[in-house]
Amino acid sequence: MRDEFPILAAGPYLNHAAIGPWPRCTAEAMQAFAEENLLRGPAAYPTWIRRENDLRKDLARLIGAHSADSIALLKNTSECISTVAWGLDWRAGDNLVLPRFEFPSNRLPWLAQAMQGVEVREVDIRTAPDAEAALVAAMDGRTRLLSVSAVQWSDGFRLDLQRLGDACHKRHVLFFVDAIQQLGALPVDVDACRIDFLAADAHKWLLGPEGIAVFYTAGQARSQLALRQQGWHMFDDPWNFQREDWTPANSARRFEAGSPNSAGQAALHASIGLLLEQGPAAIATRVLENTDYLVSRLRAVRDLSIVSRCEPQRRSGIVSFQSDSMPAREIYRKLGAAGCTCAVRDNAVRLSPHFYQEESVLEAFVGHLADALR
Ligand SMILES: Cc1ncc(COP(=O)(O)O)c(C=O)c1O
C-alpha cells in the first residue's frame, strides 16, 4: 500500500472521518480524465457512460444491493437525505426518530419537516443502556421513519443496523441510514439489514472526491418518494430530448436531474475498485485492529480518557479521547506541529486511521502524543 498511499510518508494521517486522502489510482484516474478532456474533449463520452454504469454496479456490490437500479449518484449526503425528507408524503401528527447529536446533515432536513406538522423525536443513544432498544421504544403507531448514522461522527459510536432494520420492518417504519462514517471502513449490507434508504458521500472512508455520493433506495421505498427535482437526466433514455412520454425512470436514476459529475465518477470508480479488490471484510479487520491498538495504547496513558465507547459492538474506525491535563485543542495543535493529522470534535481529539495504515503508523502517533502531553 506504500505506493498506493504516498500520504504514508507525510506523517500519521488519522482523519478519514473528515476527508480521506486519495489513493494513487484515484489521482491517476482524475489526471487521465483531465488529459482526455484537454486533448479530445468529450469524444469518448460513451466510455464515460459505461464507467457511470460500472460505478453503479460496483457500489451496489459494495453495499449488498441486488441491482444497480437501486443506486443514484447524487452530489452529497445532505442532498440524499433531503431527497427523502422532502419526498415523503408527511401528514400532520406523523413522527420520525433520530439519535440525539446527529451530524447536521442528518438532522436539519428532518427538522425542516416540522412545518408539515412532523414531530422529530431525538433519542439519547449514549446514555441509554441499550441504544437500539431506546430508538425502537421512541416509535409508535404514527412513526414513519427512523434515520440513523451507522457510525456517529464525533466519537464513532456504532449502531446495530440489523437489529434496527428488523425492528423497523416489523413496525412498517422506513429505515434511513447515513453510512458516510461506515462505508469503506466496515461492511454495510442493505438487504440483510432491511435498509430502505442509504446515503454516503465519497470523501471519507471511500477514499474518493467530495461532491459525489451514493444514494440507495429499495424499490418499494423509492416509489414512495415524490420527486423534488426535475431535469433531462432522470429518464431511462436521457438523450431523447424531445420525447412524448415524460415518465421518469423506475430506477434510482429518477433522482438524478441533470448532467452527471463525470470527473467525480472517474475518481470514485477507481477508489471503489481498490476497496473491492482489497475486500470489504479484510479492510474491516484492519480498521478494527487499528481501533483496538489505539484503545489499548491510549488506555495506558496517564490522565487520558477515551470518550468513545469501547465495547466490541460499538467500535468503528473512530477513537476519540480527552486529557485531564490539557485541552483537546492544545493537544491537537501540538500533534499538528509534529506532523499528525487528526481532528477536534466535541472537545475531544478524534482519531480515524484507515486500513492501509499499519501498526507502525499508530505507534509513531502514540510517540508524538506522549511528547505533546509532556
Ligand atoms: C454523519 C455525517 N453525515 C454527513 C456528513 C457530510 O454530509 P455531506 O456529504 O452532505 O457533506 C458528515 C461529515 O462529516 C457526517 O459525519
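1. Let's start with the ligand: 13 residues surround it, and the closest are N76, T77, S78, W153 and D201. A residue is taken as near a molecule when its C-beta atom, placed from the backbone, lies within 6 Å of it. The shell around the ligand has four nonpolar, seven polar and two charged residues. In this classification Ala, Val, Leu, Ile, Met, Phe, Trp, Tyr, Cys and Pro are nonpolar, Asp, Glu, Lys and Arg are charged, and the others, Gly among them, are polar.

2. A word on the ground rules. Please keep in mind that this is a predicted model, where local features need pLDDT of at least 70 and side-chain atom pairs count only at pLDDT 80 or more, while totals for chains, interfaces and linings use all residues. Residues are numbered from 1 along each chain as its sequence is written.

3. On to the overall build: the protein chain has eleven helices and eleven strands (DSSP runs, H or I of at least four residues for helices and E of at least two for strands, numbered from the N terminus). Its radius of gyration is 21 Å, close to the 21 Å from the globule rule for 374 residues, so the chain is as compact as a globular protein of that length. That radius is taken over C-alpha atoms, and the rule is 2.2 Å times the number of residues to the power 0.38.

4. Two domains make up the division of the chain: domain 1 (6–22 + 280–373) and domain 2 (26–278), with bounds from an automatic or database domain assignment. Their centres, over C-alpha atoms, are 28 Å apart. Domain 1 gives 28 residues to the contact and domain 2 gives 22 residues (contact means C-beta atoms, placed from the backbone, within 7 Å). On the domain 1 side, α9 (280–299), β9 (319–323) and β11 (348–351) each supply at least two residues.

5. The largest nonpolar core has 103 residues, and L198 and F215 have the most contacts inside it. Such a core is a set of buried Ala, Val, Leu, Ile, Met, Phe, Trp, Tyr and Cys residues joined through C-beta atoms within 7 Å; buried means 20 or more other C-beta atoms within 10 Å of a residue's own, with C-beta atoms placed from the backbone. Helix α8 (residues 262–278) provides the largest share of this core, seven residues. Both domain 1 and domain 2 contribute at least three residues each.

6. Finally, L198 itself: leaving aside neighbours within four places in sequence, L198 is in contact with I63, V177, A179, V190 and Y216.

Note on methods. A residue is buried if 20 or more other C-beta atoms lie within 10 Å of its own, exposed if 12 or fewer, and partly exposed in between; C-beta atoms are placed from the backbone. Two residues are in contact if their C-beta atoms, placed from the backbone, lie within 7 Å.
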